[in-house]
Amino acid sequence: MAPNKVRPFTLAVPQQDLDTLRKKLDLATFPEEVSFSDVGKYGAPRSEIKRLAEYWRNGFDWRAQEAEINKLPQFTTTVNVDGFGDLDIHFIHQRSSRPDSIPLLFSHGWPGSFLEVVKILPLLANPENGPSFHVVAPSLPNYGFSDKVKGEGFSISQYAEALHKVMLNLGYDKYATQGGDWGFFTTRSIGAQFPEHCLASHVNMQMIQPSISSTGWFGLYKLLGWFNKQETEGLARFGWYLKEGSGYMAEQSTKPLTIGYSLADSPVGLLAWIYEKLKEWTDDYPWTDDEILTWVSIYQFSKAGPAASVQIYYEARHAKNADARKAMKYVAVPLGISSFPKDLAPLPLSFCKALGPVVFQKRHEEGGHFAAYEKPELLVGDVQAMFAEGGGAYDIAKRLRTSVESSP
């Protein structure tokens, strides 16, 4: 590791920010109660948001959560992104006790954060059996405790470049990636841009750019009833998401500044905006109040502010190089796929070969969008199986271990 490139990080939210949050919660105004205030199909239930807001104001102990977060090995490093200059990136770096472990870059999405990785860290870094990993989990730019991007046009390609350069700063010239949500797009873009460095990717989300060929085959399978029960239910889930659950994306990808005022100014608005997704995008995960408020607080206290987190939607949709669509096309990097039934788009795995050379795939019967947090054992088991002896990426694992042994 080169000197001065990587700096230890300790989270310490200023007391002034905590005081401001409490004052805003003191003055919070809630919609008038009506007959459907707690009917989930209309949105975040009024009674739940009001109850959580009260606990956030008078009961939730951020300092205790902060102390737990500070037990994680956190660092920052500066990367230079072409056209945007230097950015400080916050990240977790959990090295395995085994020196011949595989470097693995974990990328989170929205409305997640680096916290998505916490349950899989010990399972990946120091497993009882199977391959082990050196895990790097950055806060994306505009998220968590990484810098805010102040210029236009910072899209998927730039997020990928930033994360790739974090790995280089750590001395990982060759590595594997893992991600879902925006982590799917960033890790796919890393593979497309830096295939000599990113030797394999594992994703827990499936998004495919439609083509004439794939659309034709898809229609034929549906017409002939060739999709099995699990695939049919997955397609129904995707249909529900497009029809009933994607309004946030329309707003964030077209007018991010407009929703940004509410997210930046209103803690209750931010809470409701994120709470809805934590509930709808999981497979009945039993969220505790502390878990929910810690996730939301990462946005509330983020270095860039909560409004910055939605900018990625606009930039990805309007990028001139269509880098988001490219990430849904064929990328010639060995690929592992895990599918969970309550994800947003659990597409038939038979169509995922359009994404790249698939060396591992598995469809689970439980789990949702935040797989690393909801079902850590299942996700880790898949990643290990992919790189274990007899797995589709075993030869790549040997190359990655050699790379680590020879790196500084």
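This is a predicted model: local features need pLDDT of at least 70, side-chain atom pairs count only at pLDDT 80 or more; totals for chains, interfaces and linings use all residues.
Q: Which part of the chain does the UniProt annotation "domain: Epoxide hydrolase N-terminal" cover?
A: An annotation of this kind comes from a record and may be inferred rather than shown by experiment. Here the unreviewed UniProt entry places the domain at residues 6-117. Over residues 6-117 the chain is 29% helix and 24% strand. The end C-alpha atoms of that stretch are 20 Å apart.

Q: Which residues form a nonpolar patch on the surface?
A: The patch consists of V34, F36, V39 and Y42, and together these have about 360 Å² of accessible area. V34 belongs to the loop between α1 (15-26) and α2 (46-57).

Q: Is V34 buried, partly exposed or exposed?
A: The general rule is that under 20% relative accessible area is buried, over 50% is exposed, and values in between are partly exposed. V34 has a relative accessible area of 39%, so V34 is partly exposed.

Q: How many aromatic pairs does a search of the whole structure find?
A: The search gives 28 aromatic pairs. One of them joins W295 and F370, with 5.3 Å centre to centre and 85 degrees between the planes. Planes over 60 degrees apart count as edge-to-face, and the W295 and F370 pair is edge-to-face.

Q: Which parts does the pair of W295 and F370 tie together?
A: W295 is in helix α12 (residues 289-300), while F370 is in the loop between β9 (358-363) and α15 (371-374). The pair therefore ties together parts that are 75 residues apart in sequence. W295 is buried, at a relative accessible area of 2%. F370 also counts as buried, with 2% relative accessibility.

Q: Where does the charged end of K119 sit?
A: A charge over a ring is judged by the distance to the ring centre and the angle to the ring normal. The charged end of K119 sits over the ring of Y373, 4.0 Å from its centre. For K50, the charged end sits over the ring of F30, 5.8 Å from its centre.

Q: Is K277 buried or exposed?
A: K277 is buried, because its relative accessible area is 2% and the cut-off for buried is under 20%. K277 lies in helix α11 (residues 267-280).

Key:
Residues are numbered from 1 along each chain as its sequence is written. Side-chain values use heavy atoms; hydrogens and water are left out. Patches are made of residues with over 30% relative accessible area and no salt bridge: like charges are joined within 9 Å, nonpolar side chains (Val, Leu, Ile, Met, Phe, Trp, Tyr) within 5 Å. Accessible areas come from the Shrake-Rupley method with a 1.4 Å probe; for residues, only the protein chains shown count as cover. A salt bridge is a side-chain nitrogen of Lys or Arg within 4 Å of a carboxyl oxygen of Asp or Glu. Helices (H or I, at least four residues) and strands (E, at least two) are DSSP runs, numbered from the N terminus. Buried means under 20% relative accessible area, exposed over 50%, partly exposed in between (1.4 Å probe, protein chains only). Rings of Phe, Tyr and Trp (its six-membered ring) pair if their centres lie within 6.5 Å; planes under 30 degrees apart count as stacked, over 60 as edge-to-face and the rest as tilted. A charge sits over a ring if NZ of Lys or CZ of Arg is within 6 Å of the ring centre and within 35 degrees of the ring normal.
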